[in-house]
Amino acid sequence: MTGLENIARGVERYSTLARIAGRSLLDVDTNPVPNSWTHITKIDPEDEKKVPLLFPLYLQHTSALEVGGSRDVTGQNTEETLELVADRPVPAFQEPSGPKQVTTDTHSKAEFLAIPEVLNGDVEALIGQLGSGVEYIESDLAPEMIAEKLPISPGETIEDRLAAFATSWLLKEAVFEAYIIMNPDSAAARESNVTEADLLDPRTAKQRAMAAERHLGSELIYLEYSGTFGGEQAESILEAVDDGRRWSRLWYGGGLDSRENAQAVLDAGADAVVVGNVFHEIADEEADICERAVEELDADATREEVLEWLEDDVDIADSSAASYLSTIVDVPNPEGRAREYLVTTVRTWLAVQNVVADLDEKGVASIPEIRELFRSTELPGRSDVTAVLDEESFLTDVLVALAAPRYGLETDGPPVEHLSLELA
């Protein structure tokens, strides 16, 4: 054994010892997932899943965004979703369900990569996808990243070594997300072959979570009920897992649509709740509301007129907007906030109809004309979105991108295909 090999082994051994000591003896929080995150909004890049027009108003209350989904997700629609929502106004990370959803662009925009491993699925769910992912990174993604950084090729041998190094580094930077899936009827269960026989009792869940933390090094343990609320069963599992973990974060997802069930799982030991479906339902809801508002209200309707119409037309207490906001336990009066956000959205969309009418009448010829008209028009949502994002032009950019196809024009604005409303 050479002296260099001895030194390398010593460095690796002592760095491992320091990491273990920091986590267990010194109680140092080395987990890259912030402990301050208590609410995660999951955004699905699937083309059919939309986000609200004024989405920053809602997302200002969440802690972080998880971008990923189970079906019809590609590298392209993931790139588009991250470009639209990342850091607007909170950080976003990527949770891929397949290796090729990770690209150099998604890697640059995401806070980190969260790699799922299912603790109660088959071997493919635990290690198979990871193996194909490692191969993809080393064969495709890492060489692409190296080519972007280096102006000339250093030669095949050096490139191979750099690719191997980059692959190990990317995986070291990634967060490993250990799933316990408890809804056998869900898409997640079908993809990981979780059946009724694979469902875990609290003690077994605790043991697997401890193995995930101590052996697999999983930074996240995720109890997933996929669209259904786990109730007392979930609370029992969370309490058991919480008792056994030391530094991993513990998240719960599934069927969260009220303050009561969100608070229940937090009280049972979860660090954060993950909410997905109900956020996309806000977009579906507002698309329907705005379509009816355009038909039934004057484009110059006042705030009071819009509010009166909305109160008569929509059960705000039972709306998706109120349900989503209620899952964020430190948001006061979620129904009142939902009412204000919906009123602002409707008023903004009515104002947009005036702009479009002017553009149609003038026979618009260029993007600068469209931009100037939107910029000079009083849009009720502009100041609210600007206050949240500190991006004065963001709403204008979005609306220009929405309007451009109507006039056969192209723009390099935000990828608005994922927004709830359209002007084409």
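Which side chain meets that of Glu391 in a salt bridge? The partner is Arg88, at 3.1 Å from N to O, where a salt bridge requires a side-chain nitrogen of Lys or Arg within 4 Å of a carboxyl oxygen of Asp or Glu.

The model is predicted, so local features need pLDDT of at least 70 and side-chain atom pairs count only at pLDDT 80 or more, whereas totals for chains, interfaces and linings use all residues. Residues are numbered from 1 along each chain as its sequence is written, and side-chain values use heavy atoms, with hydrogens and water left out.

**Domains and their interface**

The chain is assigned domain 1 (24-277) and domain 2 (280-407), with bounds that come from an automatic or database domain assignment. Their C-alpha centres lie 32 Å apart. Contact, defined as heavy atoms within 4.5 Å, links 33 residues of domain 1 with 32 residues of domain 2. The size of an interface is often given as the accessible area lost when the parts come together. Here the two domains bury about 2,800 Å² between them, 67% of it on carbon and sulfur atoms; the area is that lost on being put together, found with a 1.4 Å probe and summed over both parts. On the side of domain 1, Leu53, Tyr58 and Arg259 lose the most area to domain 2, together 28% of what that side buries.

Across this interface the rule finds 1 salt bridge. It also finds 14 residue pairs in polar contact, both residues at pLDDT 80 or more. A polar contact is a pair of N or O atoms within 3.5 Å; within protein, one must be able to donate a hydrogen and the other to accept it, and residues adjacent in sequence count only if both atoms are side-chain atoms. The elements that give two or more residues to the side of domain 1 that touches domain 2 are β1 (39-43), α2 (55-59), α10 and β8. Among these, α2 gives the most, with 5 residues. The residues of that side divide into 17 nonpolar, 9 polar and 7 charged; Ala, Val, Leu, Ile, Met, Phe, Trp, Tyr, Cys and Pro count as nonpolar, Asp, Glu, Lys and Arg as charged, and the others, Gly among them, as polar.

**Helix α10**

Helices (H or I, at least four residues) and strands (E, at least two) are DSSP runs, numbered from the N terminus. In α10 (residues 259-267), Asn261, Ala262, Ala264, Val265 and Leu266 are buried, meaning under 20% relative accessible area, with over 50% termed exposed and values in between partly exposed (1.4 Å probe, protein chains only). Their cover includes α9 (231-244), β7 (249-253) and β8 (272-275). After α10 comes Gly269, whose phi is positive, near 130°.

| Residue | Relative accessible area |
|---|---|
| Glu286 | 1% |
| Thr327 | 1% |
| Ser248 | 1% |

Glu286 is placed in helix α11 (residues 277-296). Not counting residues up to four places away in sequence, Glu286 touches Pro52, Leu53, Thr345, Ser420 and Leu421. With Ser420, the side chain of Glu286 makes a polar contact to the side chain at 2.5 Å.

Thr327 is found in the loop between α13 (320-326) and α14 (334-362). Beyond four places in sequence, the residues that Thr327 touches include Leu256, Ala262 and Val273.

Ser248 is in the loop between α9 and β7. A polar atom of the Ser248 side chain lies 2.6 Å from the backbone oxygen of Ser218. Ser248 also touches residues including Asn31, Glu213 and Asp271.
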